[in-house]
Amino acid sequence: MAQNQAIEIEGLTKTYGGSGKQPPKQALKDLNLTIPAGSIFGLLGPNGAGKSTTINILAGLVNKTAGRVKIWGFDQDVNPRQARAAIGVMPQEINMDPFFTPRAALETQAGLYGVPKAERWTDEILALVGLTDQAEAYARNLSGGMKRRLLLAKALVHRPQILVLDEPTAGVDIELRAMLWANVRRLNQEGMTIILTTHYLEEAEAMCDEIAIIDKGALVVRDTTQNLLGRMDGKTLVVEPESPAPADFALPEGVTLERRADGRLAFTYHRKAVGAESVLDAIRAAGISIRDVASEQPGLEEVFVSLTSHHR
Ligand code: ADP
Ligand code: MG
């Protein structure tokens, strides 16, 4: 049977127990979220929003306080083995045995998941993440980037239907980032559902079909990336004048002007309230002749700020 939802989260609550002088900390408050099968799904939110807590609960690394989690249709509490088998997680923190080689780490991981020898694809995974040449090197001798590649490799040994990446590109170099995204796209095209968190909103905008933003342990919004971007009504028209623009001139109501260092003029307005034509009319009326004009759409960054700032 085709699986429609990769993940179904209902009323998920997590309170980290207070120890010593630390008061208890509620990291998730009645979180509800479904993630469709086949997508590249972005889980975004400010620092401390509860992204890693959610992912670590999915991975079975953190126990939830309350709520229900279904992974590939399997309730975590009813069918823990099947739920665990359906998901592979690349954690945010690097944690590995320094005396294991990448090959040994992958073979051990495959053993933990009960993957029979004949069904292992260790060499293919090593090639996929670019660790073939380091297959026999001790993990403690691997660079930070290579350790991250190994974390991705470990998440793949049991061929999970769902791959979860927690801040996979935080602090990694451009080459590794490109390698990661190429792999993620390829795995997704081959049918794997991908869930990722990232601090780089441009990356989420480029990679994700759908996005959920969480803040303070609760869902703020969940929509397609396209719809989220469409919510933003702001628009900026950037004009390069033939000659320096006059110091002061009249603008239609609702239009703000920013003079950029390179001499260009950036006019920002709400599309629903002001038409581009009236902005261009004002520019012509001021005697400015236009050498070039470009338009800038708001990105996910603006969406994110507008949806999470009122919570603070
Ligand atoms: P994110 O990944 O979105 O930055 P986290 O899930 O790591 O957020 O953290 C959510 C909240 O839970 C934060 O306030 C964090 O300090 C707290 N927290 C996370 N892990 C623990 C823990 N092991 N013990 C106590 N508090 C924790
Ligand atoms: Mg985190």
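## A walk through the chain and its two ligands

Let's start with the overall layout: the chain splits into domain 1 (1–86 + 160–231 + 299–312), domain 2 (96–157) and domain 3 (233–296). Keep in mind that this is a predicted model. Between domain 1 and domain 3, the C-alpha centres are 40 Å apart. The C-alpha trace of the chain spans about 75 × 50 × 45 Å along its principal axes, and the secondary structure comes to 10 helices and 14 strands. Of the 312 residues, 46% count as buried.

Glycine 144 sits in helix α5 (residues 144–156) and is partly exposed, with a relative accessible area of 44%. Glycine 275 is 131 residues away from glycine 144 along the chain, and 51 Å separates their C-alpha atoms.

Now to ligand 1. Which residues are around it? The list is Tyr16, Lys25, Ala27, Pro46, Asn47, Gly48, Ala49, Gly50, Lys51, Ser52 and Thr53. By type, this shell divides into 4 nonpolar, 5 polar and 2 charged residues. Both β2 (25–36) and α1 (51–58) supply at least two residues of the shell, and α1 gives the largest share, with 3 residues.

Some of these neighbours come with specific atom-to-atom distances. In tyrosine 16, a polar side-chain atom lies 3.5 Å from a nitrogen atom of ligand 1. Glycine 48 takes part through its backbone, where a polar atom is 2.7 Å from an oxygen atom of the ligand. Threonine 53 uses its side chain instead: an N or O atom there is 2.6 Å from an oxygen atom of ligand 1. As for cover, ligand 1 taken alone exposes 560 Å², and the protein buries 61% of that.

Ser52 also leads us to the other ligand. What coordinates the magnesium ion, ligand 2? The donors are Ser52 (OG) and Gln92 (OE1), at 2.1 to 2.4 Å. Serine 52 belongs to helix α1, while glutamine 92 is in the loop between β6 (87–90) and α3 (102–112), so this pair ties together parts that are 40 residues apart in sequence.

Over in strand β9 (residues 210–215) you'll find glutamate 210. Its relative accessible area is 17%, so glutamate 210 falls under the 20% cut-off and is buried. The side chain of glutamate 210 has a polar partner, though: it makes a polar contact of 3.1 Å with the side chain of arginine 222.

Finally, a couple of backbone angles to check. Tryptophan 72 is not a glycine, yet it has a positive phi of about 55 degrees. You'll find tryptophan 72 in the loop between β4 (66–71) and β5 (74–75), and it counts as buried at 19% relative accessibility. Arginine 159 also has a positive phi, near 45 degrees, in a residue other than glycine. Arginine 159 is placed in the loop between α5 and β7 (162–166). With a relative accessible area of 46%, arginine 159 is partly exposed.

How values were computed
Residues are numbered from 1 along each chain as its sequence is written. Chains are lettered from A and ligands numbered from 1 in the order in which they are written. This is a predicted model: local features need pLDDT of at least 70, side-chain atom pairs count only at pLDDT 80 or more; totals for chains, interfaces and linings use all residues. Side-chain values use heavy atoms; hydrogens and water are left out. A residue is near a molecule or strand if one of its heavy atoms lies within 4 Å of it. A polar contact is a pair of N or O atoms within 3.5 Å; within protein, one must be able to donate a hydrogen and the other to accept it, and residues adjacent in sequence count only if both atoms are side-chain atoms. Accessible areas come from the Shrake-Rupley method with a 1.4 Å probe; for residues, only the protein chains shown count as cover. Helices (H or I, at least four residues) and strands (E, at least two) are DSSP runs, numbered from the N terminus. Ala, Val, Leu, Ile, Met, Phe, Trp, Tyr, Cys and Pro count as nonpolar, Asp, Glu, Lys and Arg as charged, and the others, Gly among them, as polar. Donors are N, O and S atoms within 2.8 Å of the metal (3.2 Å for Na, K and Ca); water is not among the atoms, so sites may look incomplete. Domain bounds come from an automatic or database domain assignment. Buried means under 20% relative accessible area, exposed over 50%, partly exposed in between (1.4 Å probe, protein chains only).
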